[in-house]
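Q: I am new to this structure and would like to learn how to read it step by step. Could we go through the main features together?

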Amino acid sequence: MKTFFAFAAAFVSVAVAVVANNNNADQSAAALDYLMTNSPAGHQVAEEGPAPPGSYWEGTAPFCAGSCPPGYYEDERGSCGDGGCCWTGYKSLCCKDID
């Protein structure tokens with residue numbers, strides 16, 4: 001009878017450990033999915049695109065602070081511009097002023 005209880009206790013321990021590992025795996029997968037969906041790194045496929053002639057994207061990822069210098073105007077703002085995406089701030093599409 002002692003053998004049965006020892007075996008049953010071992011079985012229950014293994015079963016609980018497997019369930020706990022599966023829950024941790026599910027939680028880890030859910031956390032990774034959340035981060036990839038809601039973090040800037042997860043949005044890198046959503047680039048605004050290349051700048052048109054006479055323009056350029058100002059701001060350097062991951063900590064962007066885009067602003068246009070004198071002689072240029074800000075035509076658009078974006079998180080990614082034509083390259084890496086910003087974790088903070090934004091990139092500015094700077095276009096040459098037309099006189």
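**Reading the sheet and the disulfides**

A: In this predicted model, 3 strands form an open, antiparallel sheet, and their order across the sheet is S1-S3-S2. The edge strands are S1 and S2, each of which pairs on one side only. Neighbouring strands of the sheet are turned against each other by 30° on average, direction ignored.

Q: What holds the strands of a sheet to one another, and over how many bridges do S1 and S3 pair?

A: Strands of a sheet pair through backbone hydrogen bonds, and the pairing can be either parallel or antiparallel. Here S1 and S3 pair in the antiparallel sense over 4 bridges. Within that pairing, Tyr 56 has Cys 94 in S3 as its bridge partner.

Q: How many helices and strands does the protein have, and in which order do they run from the N terminus?

A: The protein has 1 helix and 3 strands, and from the N terminus on its elements run α-β-β-β.

Q: Is Leu 93 buried or exposed, and which residues does Leu 93 touch?

A: Leu 93 lies in strand S3 and is buried, with a relative accessible area of 4%. Leaving out residues up to four places away in sequence, Leu 93 touches a list of residues that includes Ala 51, Pro 52, Ser 55, Tyr 56, Trp 57 and Cys 68. Tyr 73, Glu 74, Asp 75 and Glu 76 are also among the residues that Leu 93 touches. The C-alpha atoms of Leu 93 and Glu 74 are separated by 5.7 Å, although these residues are 19 residues apart along the chain.

Q: How many disulfides does the structure hold, and what is the pairing when the bonded cysteines are numbered in sequence order?

A: The structure holds 3 disulfides. When the bonded cysteines of the protein are numbered in sequence order, the pairing is 1-5, 2-6, 3-4. Cys 95 is in no disulfide, and the nearest cysteine sulfur, which belongs to Cys 94, is 7.5 Å away. That cut-off for a disulfide is 2.5 Å between cysteine sulfur atoms.

Q: Where in the chain do Cys 64 and Cys 86 lie?

A: Cys 64 and Cys 86 form a disulfide in which the sulfur atoms are 2.0 Å apart. This pair links distant parts of the chain, 22 residues apart, with Cys 64 in the loop between strand S1 (55-58) and strand S2 (72-78), and Cys 86 in the loop between S2 and strand S3 (91-96). The link of Cys 64 and Cys 86 is left-handed, with -95° about the S-S bond. Cys 64 counts as buried at 7% relative accessibility, and Cys 86 counts as buried at 6%.

Q: Which parts does the pair of Cys 68 and Cys 94 tie together?

A: A disulfide joins Cys 68 to Cys 94, with an S to S distance of 2.1 Å. Cys 68 lies in the loop between S1 and S2 while Cys 94 is in strand S3, so the pair ties together parts that are 26 residues apart in sequence. With -95° about the S-S bond, this link of Cys 68 and Cys 94 is left-handed. Cys 68 is partly exposed, with a relative accessible area of 23%, whereas Cys 94 counts as buried at 0% relative accessibility.

Q: Is the link of Cys 80 and Cys 85 left-handed or right-handed?

A: Cys 80 is joined to Cys 85 by a disulfide with an S to S distance of 1.8 Å, and this link is right-handed, with 95° about the S-S bond. Both Cys 80 and Cys 85 are buried.

Terms used: Residues numbered from 1 in each chain as written. Predicted model: local features only at pLDDT ≥ 70, side-chain atom pairs only at ≥ 80, totals over all residues. Heavy atoms only, no water. Helix = DSSP H or I, 4+ residues; strand = E, 2+ residues; numbered from the N terminus. Buried < 20%, exposed > 50% of the residue type's maximum accessible area, 1.4 Å probe, protein only. Pairing = 2+ DSSP bridges. Axes fitted to C-alpha atoms, helices over the stretch in contact; angles between N-to-C directions. Contact = heavy atoms within 4.5 Å.
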